[in-house]
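This report describes selected features of one protein model. Please view the sequence and the structure below before reading on.

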Amino acid sequence: MASRSLGGLSVSRGGGGGGGKKSLSARNAAVERRNLITVCRFSVKTLIDRSCFETIDDSSPEFNNFAAILEQILSHRLKGQVTWFGYESPRSFWDYIRVACRKVSQNCICSIENMENVSSSRAKGRAWIRVALMEKHLSEYISTALRDFKTTRRFYEDGAIVLGEEANMLAGMLLGLNAIDFSFCLKGEGLDGSFPAVIDYTPYLKYIQSSDSISSDEEELRTLGSSGSESSTPENVGPPFLMDENSWFNKCKRVKQKYQLTLEQKGYLEELLRLRENQLSESVSQNKILLQRIEDSDLAHKLEKEQLEYIIVELQDQLKSYQSLDQLSAEVSLSQTSLDPGQLQEGDGKQDTLNLMSEGKEDTPSLLGLCGSLTSVASYKSLTSLKSNDYLASPTTEMTSPGLTPS
């Protein structure tokens, strides 16, 4: 019974210890995730601040720290690759990126796979980080990979950063890096995949001394110096002043770099303004030439329109004159049928004379109008009436004439 009770007690203790281990493991995992995300946010801010003074390249400590942090985040709880013999070999985050980022338009996956000087999977992952930053698409790559939840679950274990709520924060943080112009060499030592990346936490650690503290920092430094050697004097303790001098020197250097950058931007903007002014003057001259061409074409069209209107009026006048001549010929033919044969011959002579006149005249509106006035219907009627009266009075004249009396 004692043994049983002891066994039961041991079992109960073991169960309680298992629960405590689980809670401790969950706490450690949450702290680890929170630390990596927080440090990543700090590193992005330092990169943005540094980019205001100098170009970010492989020699920049801020970038090297950021690359190490991102590599640690993407490698957090990454599953190993199971071999044919059942062993689990370590895997790099590049294996996950290569599969999950295929859907990104115009991606650089194939170009990195075909790089000759990059052989290991870890080195390819580091080259991908640099290329994505230079292309300003790192946030897009991460967002596309995180949306492929099935592939992410296949490569990562439970509790990984890319499977938690921190993943959305990561994609939002990396979006600010699109405003930085990076310049990297893909053949340098930074792509060496033989050693894992190590994060330097010292730039992000800041201790603020409370007002309740008994001793100040200077007193603590003096105490440490005096404990190290008895011959040390307060004159030998001067790190605060040296640090202040270095800080002022660094600030002056940063201001000078910012001034140089501003001058370069000013020269670039002036050159761009001069180029735009030249383009504007060329556009204005071309616009004037086009306006002159439009005016010339409008004037030519107006002249052509006037000529066409004049031709239409002339053709209408000719058509009217032809219609009047046809009517006149019809009236002449009707009048000839009502006359005697002698008068018919005389009418034929007159008709021939009119036909010769109509054939010999020019087809101009002025001549047609003149012919129309001379050969009008009223004039012809008065002429025929006059001839008919003469013809009726001619027999009496012949009868009373002394020369025509019979002998």
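**Isoleucine 199**

Isoleucine 199 has a relative accessible area of 13% and is therefore buried (under 20% relative accessible area; exposed is over 50%, partly exposed in between, with a 1.4 Å probe and protein chains only). The residue lies in the loop between α8 (166–174) and α9 (217–228); helices here are DSSP runs of H or I with at least four residues, strands are runs of E with at least two, and both are numbered from the N terminus.

Asparagine 65 is 134 residues away from isoleucine 199 in sequence, yet their C-alpha atoms are 5.8 Å apart. Apart from neighbours within four places in sequence, isoleucine 199 contacts Leu36, Val39, Asn65, Ala68, Ile69 and Gln72 (contact: heavy atoms within 4.5 Å).

**Basis of the model**

The model is predicted: local features need pLDDT of at least 70, side-chain atom pairs count only at pLDDT 80 or more, and totals for chains, interfaces and linings use all residues. Residues are numbered from 1 along each chain as its sequence is written, and side-chain values use heavy atoms, leaving out hydrogens and water.

**Histidine 76**

Histidine 76 occupies the loop between α2 and β1 (81–82). Its relative accessibility is 5%, so histidine 76 counts as buried.

Beyond neighbours within four places in sequence, histidine 76 is in contact with Glu32, Arg33, Leu36, Tyr156, Gly159, Ala160 and Ile161. The histidine 76 side chain reaches the backbone nitrogen of isoleucine 161 at 3.3 Å.

Terms used:
Polar contact = N/O pair within 3.5 Å; in protein donor to acceptor, adjacent residues only side chain to side chain.
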